[in-house]
Amino acid sequence: MTNWYCGRDAVKRAAGIWGAERDQHVDRAIESFSRRIDSETHRRFIPRTQTRLFRWPQLQPMEATILWLDEDLISITTLQAKAQDSTPTTIAAADYFLEPNNTQPPYDRIEIDLSSTAAFESGDTPQRSISVAGSWGYSDTKRSAGTIDDAGGISATDTSLIVSDASLLDVGNTLLIQSEQLFVSNRAFAALGTILLNMVGNLGAGKATVTVTVDASHGVKAGEVIRIDSEQMYVEAVSGNDLTVVRAYNGTVLASHNDNTAIHINRTLTVERGVNGTTAATHADATAIDVYEPPFDIQELCLAETIAALAQEGAGWGRVVGAGEAAREMDGRGIADLRERVVGGYRKRRLAVV
């Protein structure tokens, strides 16, 4: 499964982890705790496109006009009765309601509009008689995350993608481009266009030298990470052609750099295509990108669990993390309280209805 509830860089920043040496450990922990949240809440917090089949009549409860669902439903594309027959019956959207709240997902049941002539019906057998095709999950909340900035766009088989603003994305994000979902599994630096260092003289190798002047029309955004030669720098602010940066970022080595050296930006994403039941497709340059956002407390729990596990792993699962004056005793009560609150607030009661 490729849905994470927090990102790699977010974990590394919060935990003070630099460099790429522990990336696999970080990724493994995020994946593990994301799935633990799914298991403990009985929910998914990034939607999946899927057709689910249900028995009719249901074993329990016995309402003749209500189909109880075993997963959270966000929206329906096609609802059919007698789904396993050669000629299934499609029920029109005007003939049913999504409940318990007809304006806000997630929904746990479909109710036939009693003023219509529609009905749930079994086919040749009760098994798999009702087909519900749609988007399944707790919510589909998204935020805008820039655009594709890849000359010629991307084909349906491309596994790399250049974006317009790396500050809006993280490894572990699930993206929505048109109707396709993509999972960001890694990212890399690339020289974009002709963005060059534009200093009077060279850029010195000093921690206090934090203003980097680049060519006009550079497009660098605050929150992005740039690379000059082998030194990475975090961009804190942008004012015209001047970037205010944190030098020697991500465990790289502070160095001097010659004028007219190329600026690389970490905008090249490695992506898994057509995830969560969607279909890989061609997307043109400048197409809008959205990123799915689970509820904040779900993200918070995933982040906290991951950081705590990585800290304890580094300490050999002992009670004390660090050494000397930096040593501290691990106390899991805060995370336990957060877990109890989040799981208690989101846990879905399962119904034996299929």
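The model is predicted, so local features need pLDDT of at least 70 and side-chain atom pairs count only at pLDDT 80 or more, while totals for chains, interfaces and linings use all residues. Residues are numbered from 1 along each chain as its sequence is written, and side-chain values use heavy atoms, with hydrogens and water left out.

Let's start with the helices (DSSP runs of H or I, at least four residues, numbered from the N terminus). Helix α2 (residues 23-41) and helix α4 (residues 333-346) have axes that come within 9 Å and cross at roughly 50°. Those axes are lines fitted to C-alpha atoms over the stretch in contact, with angles running from 0 to 180 degrees between N-to-C directions. On the α2 side, Arg36, Glu40 and Thr41 make the contact (heavy atoms within 4.5 Å), and on the α4 side Arg339, Val343 and Tyr346 do.

Now for the loop between strands β14 (242-246) and β15 (262-272), where Thr261 lies; a strand here is a DSSP run of E, at least two residues. Thr261 is buried, with a relative accessible area of 15%, buried meaning under 20% with a 1.4 Å probe and protein chains only. Its side chain reaches the backbone oxygen of Asn258 at 2.6 Å. Asn260, in that loop too, has a positive phi near 70° though it is a residue other than glycine.

The peptide bond from Trp56 to Pro57 is cis, with omega near 0°, and Pro57 is found in the loop between β1 (48-54) and β2 (66-81). The bond from Glu99 to Pro100 is also cis, with omega near 20°.

Terms used: Buried < 20%, exposed > 50% of the residue type's maximum accessible area, 1.4 Å probe, protein only. Polar contact = N/O pair within 3.5 Å; in protein donor to acceptor, adjacent residues only side chain to side chain.
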